[in-house]
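Work through the exercises below with the sequence and the model at hand. Each task is followed by a solution in steps.

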Amino acid sequence: MGEHLLEVQDLKLYFKVKAGYVHAVNGVSFSVKPGERVGVVGESGCGKSVTALSIMRLIPQPPGEYIGGSVLFEDEDLLSLPESQMRRIRGSKIGMIFQDPMTCLNPTMTVGAQIAEGLRIHLKVSKDEAMKRAISLLDQVGIPDAARRINSYPHQFSGGMRQRVMIAIALACNPKLLIADEPTTALDVTVQAQILELINGVCKEFGTAVILITHDLGVVAGMTDRVVVMYAGKVVETAPTDELFANPRHPYTLGLLDSVPRLDEQRTSMLRTIEGAPPDLVHPPAGCPFMPRCAFARAICRTMPSLDPLPGNSAHRKACWVDVTDPREQAYAEKRRRARLEAMQAAIALAADETAQPAS
Amino acid sequence: MDISEQLNLSNTTEEEIEPFLEVTPALVQKRRSQGRIIFDRFMRNKAAIIGAAFLVFMFLFCFLGPTVTGHNDPNATHVTSVSDTLAGPSWKYPLGTDDVGRDTLARAMVGGQTSLIVGLASMLMAIIFGVGIGSFAGYYGGIVDNLLMRFTDVILAIPFYLLLFVLSATFTDGSPRSVIILIAAFGWTYSARLVRGEFLALREREYVLAARTIGAKNFSIMFRHILPNAAGPIIVNATLLVGANIITESVLSYFGFGIQPPVASWGSMIGVAQNLIDVDPLLVFVPGLLIFFTVLSFNLVGDGLRDALDPYMTER
C-alpha cells in the first residue's frame, strides 16, 4: 500500500434531499502516487468536484453524508480523523485550487496576508517570516514586482493573476498533493496555457502530486500522467493518458473523444455528440449508468460491470461488458445509432407536418 | 538589448529598431489604497461632509468649548441678582440663563458631553454584543441560530421605552454609566439581526471554503475572513445607532428616568425647561436644536458611509 500517496476506495457520498438521496459519488476508487499527475474528467454534474471536496472533507454535513468507502492519505484514513487533525492536513499536506479565482480570494485581505495565513497556521512562523516567504512565493508564481504587490487587494489583480495567487496559497506549505478543481475554466485561452504551465512547473519543482479536475480533454492530454474518467458518480475507465487517448475502451470515453472537434477532420462533417443527458442521480440506474445513452448497450448492461483491468494491461481498467474494439460490436452500435437518428428525423418531420397542417 | 543589436547588424537598411517596453515598477500605475478609495468616495457626498463637519464641530464645542470660552461651570447658580435668572442672550451669558440662574451655554456644552458619551459608549457596547451574537448565530446556524435569534426576538417583542422606564426607575442610579449600560442592553438586537444576515450570506462564499482548504479554524474564519466583509453594514448601523441612542437618552432624561440632575444632559434640559417655554423659549430650543442637528449629522454620515463602503466597488 505504501507506494500510493492517496488511495480512494469505493467512496460513497450522498446528499440528502427531500426526494431521497442524490448519489453524487457512488463508489469511486482511484489512487495517486507521489508526484503523479492524475486527471479526472467527465461532464458537468458527474461528481468530479464533489469527489475532490469529499477527499478534503469539505462537504457540509448535512446535507452531505459519507455512506461508505475510505480515503487513505499516507496510509491514514481521512474519513475517520477528528476535525482538528483534518484541519492540520488541509493546507499543509493537501492544497486546493478552485475554478473561479474571482470569488475565492477574500476581498478584504491583502494577497500577502492570504498567502501568509496558511504559513502561519501550519508552520507557526512569525508574521515577518511569513510575509518574506509570501513574497518569494508570489515571485515564484510569476507575479512581477512581488514585494510591492504583496500589499495589494485581490480586486487590483486580473483573473489570471488571481489564479496565480491561489496557486501560491495552495502551495505555500509545500503540500504533497494539489487538487486543482477546473483551475482554468474561468480564464481565457492564453492565460489558461500560462496557468497550466505554471502548475506543471511548480509541482514538478516541489514534487507535488496533482489531481486535475477538468472537462477539457486537451488540458488532460498535455498535463497528466494518468486519467480517471467519471460518469454519474462512478469511475468508468482509468488508464495512462497516452494509452487512454490511443486506445479508449469505454463507450463513454469514446463519446467524449468523438465530441471534440478535430482539425484534421473534414469541416462539414457533423460532430458526433453524446445524445441525451446524465441520469437523475436521485434514482440512478441499477446497472451501468451510461446504458440509456450508450450505442453499445445490450441486455447484460442492466447489471453494473466492475472496474476490471484489460487483459494484458493492468494499468488500463474499464467498467464495461462490451469490447468496443470488436468490429461486430461496432457494427451493432452503428446500426443502433442510425436507427435512433432516423427515428429522431421522423419525429421532427412529423412535428413539422403537424404545425404546417392548421395553416392549410 | 543584445537581440536588437544583432538585428541591427543583420539589417542592411539601418532602420531604427524600437526596443520592447518591459513592464517596470515605474510603469505600473500607483494605486490608491482601499482606505483612500473609501475616503475619496465619502468626500464626494456633500451632505455627508456637512454632517461630518458638524459632528467635528460639535465634539470640539462640547469637549473643548467649556475651557476655551470660560463657560465651564454648568451647575453654578447666579441668583445674587434677579436679572441673572431667565436672562436673555448677553455678552456675559451668550445663550442666557435658566430659572435658577445657570449659564445655558455652559450647560449645553457639558450636557452635550454627556449625550455624546452616552450615545457613543452605548453604541460601542451594543455593537460588540450584537456582532458577537449575530456572528455566532449566522455562522453556526441550526440550533445555535435558533436559540440566539429567538432570544433576540423576545427582547424585541417587549415595548422598548416602557421597559427602559421601568428598569431605569428600579435599577439605575441616574449616572451616565448606568444609562449607557441600560441603553446598550436593549440596543444590540438590530445589529445582531443584521450581522446574522450578513454571516448567513457570506459563509457560503467561496473564499470561506478556500480558507477552510488551508486549514483555518472556525474562529479565524468568522473574525478574520467573514467579519471584515460585513464591516460596511455594521459601520453604517453603528453610526445610525449613535443618533438613535442620543435620542433614547434624551427621552429617558426628559421623562426623568435617565440622567438625574444636577448632571446636565440635553434631554433633561428640555425636561426642566418645558414649563418655561412661554417665558424663555430659548431654554427649550437650544438643547432641542442641538439634539436635532447632531442626530441628523450622524444619519447623514451614516448614509455617506453606506455609499462609500459599498462592497461592489471596482474602481482603482
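**Exercise 1.** Identify the bridge partner of Val38(A) in S9(A), then place the strand that holds Val38(A) in its sheet.

Solution. Step 1: Val38(A) has Arg226(A) as its bridge partner in S9(A). Helices (H or I, at least four residues) and strands (E, at least two) are DSSP runs, numbered from the N terminus. This is a predicted model, in which local features need pLDDT of at least 70 and side-chain atom pairs count only at pLDDT 80 or more, while totals for chains, interfaces and linings use all residues. Residues are numbered from 1 along each chain as its sequence is written, and chains are lettered from A and ligands numbered from 1 in the order in which they are written.

Step 1: S3(A) and strand S9 (residues 226-231) of chain A are parallel and share four bridges; strands pair if DSSP finds at least two bridges between them.

Step 2: With strand S8 (residues 209-214) of chain A, S3(A) also pairs in the parallel sense, over five bridges. There Val38(A) is partnered by Ile211(A).

Step 3: The open sheet has eight strands in the order S6-S7-S8-S3-S9-S10-S12-S11 (chain A), and its pairing is mixed. Its edge strands, S6 (94-97) and S11 (308-310) of chain A, each pair on one side only.

**Exercise 2.** Determine how the faces of S3(A) are covered.

Solution. Step 1: Five of the five residues of strand S3 (residues 37-41) of chain A are buried. A residue is buried if 20 or more other C-beta atoms, placed from the backbone, lie within 10 Å of its own, exposed if 12 or fewer, and partly exposed in between.

Step 1: Arg37(A), Gly39(A) and Val41(A) lie on one side and Val38(A) and Val40(A) on the other, and both faces are covered.

**Exercise 3.** Explain why Lys176(A) counts as buried, and list its contacts.

Solution. Step 1: Lys176(A) lies in the loop between helix H7 (159-171) and strand S7 (177-181) of chain A.

Step 1: Lys176(A) is buried because 20 other C-beta atoms lie within 10 Å.

Step 2: Apart from neighbours within four places in sequence, the contacts of Lys176(A) are Leu5(A), Pro34(A), Lys93(A), Thr208(A) and Ala209(A). Contact means that the C-beta atoms, placed from the backbone, lie within 7 Å.

Step 3: Ile94(A) is 82 residues away along the chain, and its C-alpha atom is 6.1 Å from that of Lys176(A).

**Exercise 4.** Describe chain B and the packing of H4(B) on H8(B).

Solution. Step 1: Chain B contains 13 helices and zero strands. Of its 316 residues, 39% count as buried.

Step 1: Helix H4 (residues 104-140) and helix H8 (residues 189-202) of chain B pack at about 35°, with axes 7 Å apart. Axes are lines fitted to C-alpha atoms, for helices over the stretch in contact, and angles run from 0 to 180 degrees between N-to-C directions.

Step 2: Among the residues that meet are Ala126(B), Ile127(B) and Gly130(B) in H4(B), and Phe199(B) and Leu200(B) in H8(B).

**Exercise 5.** State how many residues each chain gives to the contact.

Solution. Step 1: Chain A gives 27 residues and chain B gives 21 residues.

Step 1: On the side of chain A that touches chain B, H4(A) gives the most, with four residues.

Methods. Two residues are in contact if their C-beta atoms, placed from the backbone, lie within 7 Å.
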